[in-house]
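Look at the model below with its sheet in view. We will go through it strand by strand, then turn to the charged pairs.

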Amino acid sequence: MLVLFRKTPILGALLAQVVALPVVAAVTAPLASSVERLPLIAIALLLQGALAALICGLLKLPRWWLLIAFLFPLAMGSALLVGNLPAWPFGLAFLVLALVFSNTTRGRVPLYLTNAETATVLKDLMRDRGATRVLDLGCGLGGVVRALDGEGRKASGVENAPAVYLAARFLSAVTGRGDIRRGDLWKTDVSQEDVVYAFLSPAPMAALWQKLSTEMKPGSLFVSNSFAVPDVDPDEIWELSDSRKTRLFLYPIGKAE
């Protein structure tokens with residue numbers, strides 16, 4: 001059961017809210033006669049969020065789900081207290097969140113954006129290696145793809161979240177740099193790439209390495225931003241001097257023939 005919740009965190013987050021609700025009701029019910037309505041509601045919402053976040057932690061969900069679990073009751077409670085609001089803004093907000101963060105709910109991969117300093121380092125790395133093809137798996141808004149494309153380099157990116165993909169595709173079309181495709185990173189062909197770059201999360205790294213190490217050509221390179229492959233020693237770790245203190249883990253694939 002825990003495996004199911006970790007693979008589909010939204011189910012675990014929903015369970016946390018359901019389990020916390022009767023506990024909160026039992027705790028706050030005796031206070032109804034002695035505490036005014038608004039303070040009592042505030043206490044209940046804070047307790048609901050705290051308990052839900054605690055349950056998400058016990059289920060070992062990713063850390064951002066703890067924050068979501070805590071804030072969700074506060075957001076819903078605030079909306080209800082305002083009153084007389086139409087329903088469509090909340091439906092629209094949910095739809096936008098689903099389109100932007102669909103990778104988070106399905107694959108435990110949040111939207112991380114690579115900064116300009118890292119893109120510059122990647123460009124220098126490709127130049128030093130004589131690499132001409134680079135693929136960004138989970139490219140987000142496509143900043144790395146646009147930064148690396150050109151000067152003899154062909155950069156492409158794969159993104160699955162619909163809204164993020166459309167934004168990346170639009171920016172690529174406007175600037176005329178890079179090729180953005182919508183697709184599943186697990187089904188993406190990596191056999192022709194000189195460099196594959198990813199800025200994902202700890203959750204998929206072991207499975208991703210299994211895919212890349214068997215499908216990429218010998219002499220190519222996998223670069224992971226911030227998240228190391230479990231139980232695999234990188235050939236190099238580059239520590240950048242940017243504000244994020246980015247670390248790039250470099251994993252050569254086989255040996256060049």
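What follows covers the sheet, the helices on it, a surface patch and the salt bridges.

This is a predicted model, in which local features need pLDDT of at least 70 and side-chain atom pairs count only at pLDDT 80 or more, while totals for chains, interfaces and linings use all residues. Residues are numbered from 1 along each chain as its sequence is written, and side-chain values use heavy atoms, with hydrogens and water left out.

Start with the sheet. Seven strands form an open sheet, in the order E3-E2-E1-E4-E5-E7-E6. The pairing is mixed. Helices (H or I, at least four residues) and strands (E, at least two) are DSSP runs, numbered from the N terminus. Two strands pair if DSSP finds at least two bridges between them. Strands E3 (179-182) and E6 (236-239) stand at the edges. Each has a single partner strand, so one side of each is left without a neighbour in the sheet. From one strand to the next, the twist averages 20°.

E6 is joined to strand E7 (residues 247-252) by four bridges, and the two run antiparallel. Here Trp-238 stands opposite Leu-248 in E7.

Two helices pack on this sheet. Helix H7 (residues 116-129) touches strands E1 (133-137), E4 (195-198) and E5 (221-225), as well as E6 and E7. Contact means heavy atoms within 4.5 Å. The direction of H7 makes about 165° with that of E5. Helix H9 (residues 162-175) touches strand E2 (154-159) and E3, and its direction makes about 160° with that of E3. Axes are lines fitted to C-alpha atoms, for helices over the stretch in contact; angles run from 0 to 180 degrees between N-to-C directions.

Move to E2. Five of its six residues are buried, so E2 is largely enclosed by the rest of the structure. Buried means under 20% relative accessible area, exposed over 50%, and partly exposed in between (1.4 Å probe, protein chains only). E2 pairs with E1 in the parallel sense, over five bridges. Arg-133 stands opposite Lys-154 in E2.

Which residue forms a salt bridge with Arg-133? The partner is Glu-193, with the closest N and O atoms 3.1 Å apart. A salt bridge is a side-chain nitrogen of Lys or Arg within 4 Å of a carboxyl oxygen of Asp or Glu. Glu-193 lies in the loop between E3 and E4 and Arg-133 in strand E1, so the pair ties together parts that are 60 residues apart in sequence. Glu-193 is buried, at 3% relative accessible area. Arg-133 is partly exposed, at 29%.

The structure holds eight salt bridges. Another of them joins Lys-217 and Asp-194 (2.9 Å, N to O). Lys-217 sits in the loop between helix H10 (205-215) and E5, and Asp-194 in the loop between E3 and E4, 23 residues apart. Lys-217 is partly exposed, at 30% relative accessibility, whereas Asp-194 is buried, at 15%. Salt bridges that share partners also join Asp-124, Arg-127, Glu-151 and Arg-153 into one network.

On edge strand E3, Arg-181 and Asp-179 meet through their side chains in a salt bridge (3.3 Å, N to O). Arg-181 is partly exposed, with a relative accessible area of 32%. Asp-179 is partly exposed too, at 29%.

Leu-141, Phe-170, Leu-171 and Val-174 make a nonpolar patch of about 360 Å². Leu-141 lies in the loop between E1 and helix H8 (143-148). At 31% relative accessibility, Leu-141 counts as partly exposed. Patches are made of residues with over 30% relative accessible area and no salt bridge; like charges are joined within 9 Å, and nonpolar side chains (Val, Leu, Ile, Met, Phe, Trp, Tyr) within 5 Å. Accessible areas come from the Shrake-Rupley method with a 1.4 Å probe; for residues, only the protein chains shown count as cover.
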